[in-house]
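I opened the model to look up its helices, ring pairs and salt bridges. My entries follow in the order in which I made them.

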Amino acid sequence: RLMETQNKRKRGAEFGAAAPTPAPASNEPLTPIQQSFQAFAVALTAKQDRHERLVKLSRDVTIASKRVIFTLQRITGANPTLLAEASEGLARIRADLLQKIAAELKGQSFHVYHRAFTPGMQEYLEAVTLHWYLSHGDLATLPDLQEQLKFADDLALTITPEDYLLGITDLTGELMRFCINSFTVDPDVAHRIRGFVRGIDTGLRLLDPRHTPRDMGSKLTVLGNSLSKIDDACYTLRVRGSELPAALLRDAMQGTGDAPPEDN
């Protein structure tokens, strides 16, 4: 058997059998193709690292924005203390998180990384527009909000129209909750919010669906549900407001309590 193996090796050598190619030595220069792929690897690694950093910043923005919304939902009547606390929270979000996002995007293609931080941006817009409404009684415009995201060293973070529209639709859900929670202190708040939310709903439904974000359809459905709840609240407040105590009236609006039967 040993002789047969040696004979096979000799015959293979005679017919020019290829030997294994030795690995290139470490000191050998890279070929142009190898240099190109090495540059591609460095660029892709940097892109992935930047994407992961933006995703983490977006999550932090979402958490901080929800805390601001929770603070605003505690407001009943005129409460400048909670409004100031929410305003400080929004300022910290801009200085500590959104400015870092702007720095990560400096010199980069904005739309390549937009999907990495758009959830946090939409949550921030929901919080800042709720604060704006409770402070001014109207809707914050896109230029107003864009002006707040200009930082030092020529840094700025762009708010896309898509993020602005989606943030507004989320705002209506928070206004519905605020309406239900605060009407016992100021009964007129439900009617003011109803008119405001109905105006947003009317305006958004005039947009061409072909030119709106793909999530707009589902968010408009939620907006319609929120508006229906506000309508029910206004109806209950107008029809039953003089009959029920405040606690039972709130339960009737929220659908969690049973109102006493009406007298025949």
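**Entry 1: helix H4.** I looked for bends in this predicted model and noted a kink of about 60° at Phe117 in H4, shortly before the proline Pro119. I take the bend at a residue as the angle between axes fitted to the seven residues ending there and the seven starting there. I found H4 mostly covered, with 20 of its 27 residues buried. Buried means under 20% relative accessible area, exposed means over 50%, and partly exposed lies in between (1.4 Å probe, protein chains only). Just after H4, I read a positive phi of about 80° at Gly137.

**Entry 2: conventions.** I number residues from 1 along each chain as its sequence is written, and I use heavy atoms for side-chain values, leaving out hydrogens and water. The model being predicted, local features need pLDDT of at least 70 and side-chain atom pairs count only at pLDDT 80 or more, while totals for chains, interfaces and linings use all residues.

**Entry 3: helix H3.** I still noted a bend of about 35° at Leu98. Gly107, which follows H3, has a positive phi near 80°.

**Entry 4: overall make-up.** I counted nine helices and zero strands in the protein. Helices are DSSP runs of H or I with at least four residues, strands are runs of E with at least two, and both are numbered from the N terminus. Of the 264 residues in the protein, 38% are buried.

**Entry 5: ring pairs.** How many aromatic pairs does the structure hold? I found three. Rings of Phe, Tyr and Trp (its six-membered ring) pair if their centres lie within 6.5 Å; planes under 30 degrees apart count as stacked, over 60 as edge-to-face and the rest as tilted. One of the pairs is Phe37 with Phe40, edge-to-face because the planes stand at 75°, with the ring centres 5.9 Å apart. Phe37 and Phe40 are three residues apart in helix H2, so about one helical turn separates them. Phe37 counts as exposed, at 56% relative accessibility.

Another pair is Tyr133 with Phe196: the centres are 4.5 Å apart and the planes are at 35°, so I logged the pair as tilted. This pair links distant parts of the chain, with Tyr133 in H4 (residues 110-136) and Phe196 in H7 (residues 188-205), 63 residues apart. Tyr133 and Phe196 are both buried.

**Entry 6: a surface patch.** I went back to Phe40, which lies in H2, residues 32-73. Ile33, Phe37, Phe40 and Leu44 form a nonpolar surface patch with about 490 Å² of accessible area together. Patches are made of residues with over 30% relative accessible area and no salt bridge; like charges are joined within 9 Å, and nonpolar side chains (Val, Leu, Ile, Met, Phe, Trp, Tyr) within 5 Å. The areas come from the Shrake-Rupley method with a 1.4 Å probe, and for residues only the protein chains shown count as cover.

**Entry 7: salt bridges.** I found 11 salt bridges, each a side-chain nitrogen of Lys or Arg within 4 Å of a carboxyl oxygen of Asp or Glu. Arg53 and Glu104 form one of them, with the closest N and O atoms 2.8 Å apart. Arg53 lies in H2 and Glu104 in H3, so this pair ties together parts that are 51 residues apart in sequence. Arg53 is partly exposed at 38% relative accessibility, whereas Glu104 is buried at 19%. I also noted that Arg50, Arg53 and Glu104 are linked in a network of salt bridges.

Lys66 and Glu123 meet in a salt bridge at 3.5 Å, N to O. This pair also links distant parts of the chain, Lys66 in H2 and Glu123 in H4, 57 residues apart. Lys66 is partly exposed at 36%, and Glu123 is buried at 12% relative accessibility.

Asp201 is buried at 10% relative accessibility, while Arg205 is partly exposed at 45%.
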